[in-house]
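Thanks for coming. I will take a few minutes to walk through one protein model, and I will begin by putting it on the screen.

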Amino acid sequence: MAINNPGNVTMSEAIISSFNPSTKGLQMSGASPVPAHVATAMTYVAAGNGAGNVETVTYYSDVAKTISVGVLTVTYNALNKVSGYTFVGV
């Protein structure tokens with residue numbers, strides 16, 4: 001499922017951790033793609049567009065982080081603003 005963003009939001013851990021399209025202004029169709037989860041793990045953009053911002057969030061259904069239930073990948077434009085999201089559920 002792809003999630004579109006108007007391109008004027010700078011991603012932060014707070015937005016990713018509590019991903020809520022209705023309160024964060026993200027545009028998407030259907031229900032929120034983020035599954036029920038108890039833990040997350042994040043990676044960050046090392047260089048280029050969005051450097052230092054969250055690149056992926058992996059959602060886990062267990063505290064030990066052994067059972068992944070989905071991955072959210074974020075892309076950024078040259079102004080370091082979010083240009084898109086892709087969510088892949090398990």
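First, how to read the values. This is a predicted model, in which local features need pLDDT of at least 70 and side-chain atom pairs count only at pLDDT 80 or more, while totals for chains, interfaces and linings use all residues. Residues are numbered from 1 along each chain as its sequence is written, and side-chain values use heavy atoms, with hydrogens and water left out.

Now the layout. The protein has 2 helices and 5 strands; these are DSSP runs, H or I of at least four residues for helices and E of at least two for strands, numbered from the N terminus. In sequence order the pattern is β-α-α-β-β-β-β. The protein has 90 residues, and 36% of them count as buried. Buried here means under 20% relative accessible area, exposed means over 50%, and partly exposed is in between, with a 1.4 Å probe and protein chains only. As for contacts, meaning heavy atoms within 4.5 Å, take the ones between residues at least 6 apart in sequence: 42% of them join residues at least 24 apart.

Next, the strand pairing. Two strands pair if DSSP finds at least two bridges between them. Strand 2, residues 39-44, pairs with strand 3, residues 54-60, in the antiparallel sense over 6 bridges. Strand 3 and strand 4 also run antiparallel, joined by 5 bridges. Strand 4 and strand 5 are antiparallel as well, with 7 bridges. The hairpin of strand 4 and strand 5 has 5 residues between the strands, and asparagine 80 in that hairpin takes a positive phi near 65 degrees.

Some of the partners can be named. Valine 57 in strand 3 stands opposite methionine 42, and valine 57 also stands opposite leucine 72 in strand 4. Tyrosine 60 has serine 68 in strand 4 as its bridge partner. Valine 71 faces valine 88 in strand 5.

How enclosed is strand 3 by the rest of the structure? It is largely enclosed, because 6 of its 7 residues are buried.

In soluble globular proteins, nonpolar side chains tend to be buried together. A nonpolar core, as used here, is a set of buried Ala, Val, Leu, Ile, Met, Phe, Trp, Tyr and Cys residues joined through side-chain atoms within 4.5 Å. The largest one in this model has 12 residues, among them Val34, Val57, Tyr59, Leu72 and Phe87. Strand 3, strand 4 (68-76) and strand 5 (82-89) each supply at least two residues of this core. Strand 4 gives the largest share, 4 residues.

Which aromatic rings pair up? Rings of Phe, Tyr and Trp (its six-membered ring) pair if their centres lie within 6.5 Å; planes under 30 degrees apart count as stacked, over 60 as edge-to-face and the rest as tilted. By this rule there is 1 aromatic pair. The rings of tyrosine 59 and phenylalanine 87 have centres 6.3 Å apart and planes at 55 degrees, so this pair is tilted. Tyrosine 59 is in strand 3 and phenylalanine 87 in strand 5, so the pair ties together parts 28 residues apart in sequence. Tyrosine 59 is buried at 0% relative accessible area, and phenylalanine 87 is buried at 6%.

Threonine 56 lies in strand 3 and counts as buried because its relative accessibility is 17%. Beyond residues up to four places away in sequence, threonine 56 touches Ala41, Met42, Thr43, Val71, Leu72 and Thr73. Its side chain makes a polar contact of 2.4 Å with that of threonine 43; such a contact is a pair of N or O atoms within 3.5 Å, where within protein one must be able to donate a hydrogen and the other to accept it, and residues adjacent in sequence count only if both atoms are side-chain atoms. Asparagine 53 sits in the loop between strand 2 and strand 3, and is buried with a relative accessible area of 14%.
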